[in-house]
Amino acid sequence: MTDTALEAVLRRDRAVVTAALVVIAVLAWAYVLWLAAHMVMTGSPLPDGAGSDIAGVDMSNMGGMGMGATVAPGFRAWALADFAFIFTMWAVMMVGMMTPSVAPMLLLYAGVARKARADGRPIASTGWFFAGYLSVWVVFSIVATGAQWLLARFALLDPLKATDSAILGGFVLIAAGLYQWTSMKGVCLRQCQAPIAFLASHGGFRSAPLGALRLGVDHGAYCLGCCWALMALLFVGGVMNVLWIAGIAILVLLEKTVPTGQLIPRVSGASMAAIGTWLVFRVL
């Protein structure tokens, strides 16, 4: 294959991978938007007739109260279907939030895979790597589901699934802000910002599917180490607050793709810590 033909094929492959990632992200965001709109209309993200608020807040005692009314929500024990539904919500939301930021890595992988096949040294497909990456966020979604259950158990969530406690919200902001300044954040972010450096430090691409899956898990673990504290902020602004979700997703994307080193996380971290401190002292 000539260099010109190979370059044309690489451009086509990048276009195909980009289109696939766009479709995945759009479908995930469409699901999140549908859930958010359904919740605003019904007070519950569940489909009609599926029961009371799945987040564990019993809405049956609200009667004709408006959204601004003060209520004392009661905890409704979650059934297995509730856990499954909330887990699915978190998993799909993570796909929608994280796919754009991992796109540069996936495009690099797809380009190298095509060239490797043309040279007779094929490597495992991009799908294996992406599956490994997403598996990390699936595990995180299990943990997030448990955290949401715990907050609901103690009636600390409002209808948008944000914490009702200003003190708790303030401390989460402070903790997330301080984490933005830690060496762990810096190490993980550098691996996410430089796909080639990540591959070089992890032995390069893999020819076996399980090897590519493991490589995706490794990259996802760095991504989780970089972003888990930001995801915890969903409980501050609202798990079903679409603007808040989009804001965090944009911050994650900027941290990983804009070549400013540690500037963005440190500026955002200082802002989070300052706002969190203000919230705590306002209550105290």
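Modeller: Let us start with the cysteines. A disulfide is a pair of cysteine sulfur atoms within 2.5 Å; by that criterion, the structure holds zero disulfides. This is a predicted model, in which local features need pLDDT of at least 70, side-chain atom pairs count only at pLDDT 80 or more, and totals for chains, interfaces and linings use all residues. Residues are numbered from 1 along each chain as its sequence is written, and side-chain values use heavy atoms, leaving out hydrogens and water.

Colleague: Is Cys188 buried or exposed?

Modeller: Buried means under 20% relative accessible area, exposed over 50%, and partly exposed in between, with a 1.4 Å probe and protein chains only. Cys188 has 4% relative accessibility and so counts as buried; Cys192, at 8%, is buried too.

Colleague: Which residues make the contact between α5 and α7?

Modeller: Contact means heavy atoms within 4.5 Å. Helices are DSSP runs (H or I, at least four residues), and strands are runs of E of at least two, numbered from the N terminus. The contact includes Cys188 and Cys192 of α5, and Cys223 and Cys226 of α7. Helix α5 spans residues 183-193 and helix α7 residues 209-232.

Methods: Axes fitted to C-alpha atoms, helices over the stretch in contact; angles between N-to-C directions.
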